[in-house]
Amino acid sequence: MLPRPKFTALDAPLYEYLLAHRSPDDDVVRELREQTARLGNHAVMQIAPDQATLLRILVAAAGARRAIEVGTFTGFSALAIARGLPADGRLLCLDVSEEWTAIARKAWAKAGVAERIELRIGPAAESLRALPEEPSFDFAFIDADKKGYPVYWEEIVRRLRPGGLVAVDNVLWEGEVVKPEEQGEDVVAIRHFNELVLADRRVESVMLAIADGLTLARKLA
Ligand SMILES: C[S@@+](CC[C@H](N)C(=O)[O-])C[C@H]1O[C@@H](n2cnc3c(N)ncnc32)[C@H](O)[C@@H]1O
């Protein structure tokens with residue numbers, strides 16, 4: 001007999017409980033989240049608080065020194081990644097928006113991690129292709145336009161050190177990935193991307209049911 005499927009469905013009270021039982025956020029995080037919330041509908045783009053904690057722990061546990069992020073917005077995920085790095089670690093952030101990343105820069109300065117972060121403004125595919133083709137990154141986070149994911153993945157996996165980690169956001173697309181009637185541009189792109197990761201023999205990977213779904217992949221030697 002097959003074992004019972006093992007997962008915990010979250011409702012709002014359980015999610016509140018879960019959020020309350022992780023290392024607490026500090027004032028910089030609280031301020032940044034409040035400021036981002038004031039942007040209205042755009043604020044949904046920000047990663048969830050528990051994802052930020054997870055990113056910081058992953059970066060630190062991996063002993064990452066060089067990290068890259070595609071999709072920075074107001075800087076919450078970058079702040080978490082930078083805080084997981086050692087003082088001489090480096091994070092390269094790629095985004096197209098001067099306006100949103102101006103908010104990010106202020107938060108990074110308040111948190112004392114601005115010197116660890118370099119921000120490049122422009123289409124991420126171009127910024128990635130301009131990087132040297134050598135395995136230089138220990139950690140990557142992908143969270144930008146969904147149609148771009150396959151290119152970001154390819155350009156990043158090539159530049160990842162063996163043993164390096166890639167985290168990719170929104171891989172469950174609010175559960176629509178398993179609803180064939182949903183044929184929106186983004187969910188179709190995410191389905192395609194998820195198959196691409198599954199078939200990629202350069203990595204081992206797992207999907208985590210956190211927030212909107214997070215794929216975590218490790219580059220094999
Ligand atoms: C979901 S948000 C990122 C959220 C961010 N990780 C956080 O924690 O707040 C997506 C970001 O991708 C950026 N973006 C969209 N298309 C892009 C592209 N072609 N190249 C670079 N960045 C892009 C947007 O400007 C936006 O800031």
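In which helix is Leu14 found? Select Leu14 and look: the residue sits in helix H1, residues 12-20. Bear in mind throughout that this is a predicted model.

**Stop 1**

Leu14 itself has 33% relative accessibility, so Leu14 counts as partly exposed.

**Stop 2: Arg22 and Asp25**

Now select Arg22 and Asp25. Their side chains meet in a salt bridge, with 2.9 Å from N to O. Are the two partners buried or partly exposed? Arg22 counts as buried, because its relative accessibility is 18% and the cut-off for buried is under 20%. Asp25, at 22%, counts as partly exposed.

**Stop 3: Glu31 and Lys110**

Select Glu31, then Lys110. They form a salt bridge whose closest N and O atoms are 3.0 Å apart. Glu31 lies in helix H2 (residues 27-37) and Lys110 in helix H5 (residues 98-111), so this pair ties together parts that are 79 residues apart in sequence. Glu31 is partly exposed, with a relative accessible area of 39%. Lys110 counts as exposed, at 52% relative accessibility.

**Stop 4: strands S2 and S3**

Stay with H5 and show the strands that it connects. Select S2 (residues 90-95) and S3 (residues 117-121). The two strands run parallel and are joined by 5 bridges. From S2 the chain passes through H5 to reach S3. This β-α-β crossover is right-handed. As you look along the strands, remember a general point. In a regular strand, side chains alternate between the two faces of the sheet.

**Stop 5: Arg129 and Glu155**

Go to Glu155 and Arg129. The closest N and O atoms of this salt bridge are 3.8 Å apart. Arg129 belongs to helix H6 (residues 124-129) and Glu155 to helix H7 (residues 149-158), so the pair ties together parts that are 26 residues apart in sequence. Glu155 has 8% relative accessibility, so Glu155 counts as buried.

**Stop 6: a salt-bridge network**

Which residues are linked in a network of salt bridges? Select Glu133, Glu154, Arg158, Asp200 and Arg202 to display the network. For the whole structure, the count comes to 16 salt bridges.

**Stop 7: the aromatic cluster**

The structure holds 3 aromatic pairs. Select Tyr149 and Phe193. This pair is edge-to-face, at 5.2 Å centre to centre and 75° between the planes. Tyr149 lies in helix H7 and Phe193 in helix H8 (residues 185-199), so the pair ties together parts that are 44 residues apart in sequence. Both Tyr149 and Phe193 are buried.

Distant parts of the chain are linked here: Trp153 is in helix H7 and Phe193 in helix H8, 40 residues apart. Trp153 and Phe193 are both buried.

What do Tyr149, Trp153 and Phe193 form when selected together? They make one aromatic cluster. End the tour with those three rings on screen.

Methods: Residues are numbered from 1 along each chain as its sequence is written. This is a predicted model: local features need pLDDT of at least 70, side-chain atom pairs count only at pLDDT 80 or more; totals for chains, interfaces and linings use all residues. Side-chain values use heavy atoms; hydrogens and water are left out. A salt bridge is a side-chain nitrogen of Lys or Arg within 4 Å of a carboxyl oxygen of Asp or Glu. Buried means under 20% relative accessible area, exposed over 50%, partly exposed in between (1.4 Å probe, protein chains only). Helices (H or I, at least four residues) and strands (E, at least two) are DSSP runs, numbered from the N terminus. Two strands pair if DSSP finds at least two bridges between them. A crossover is right-handed if, with the strands pointing away from the viewer, the path from the first strand over the helix to the second runs clockwise. Rings of Phe, Tyr and Trp (its six-membered ring) pair if their centres lie within 6.5 Å; planes under 30 degrees apart count as stacked, over 60 as edge-to-face and the rest as tilted.
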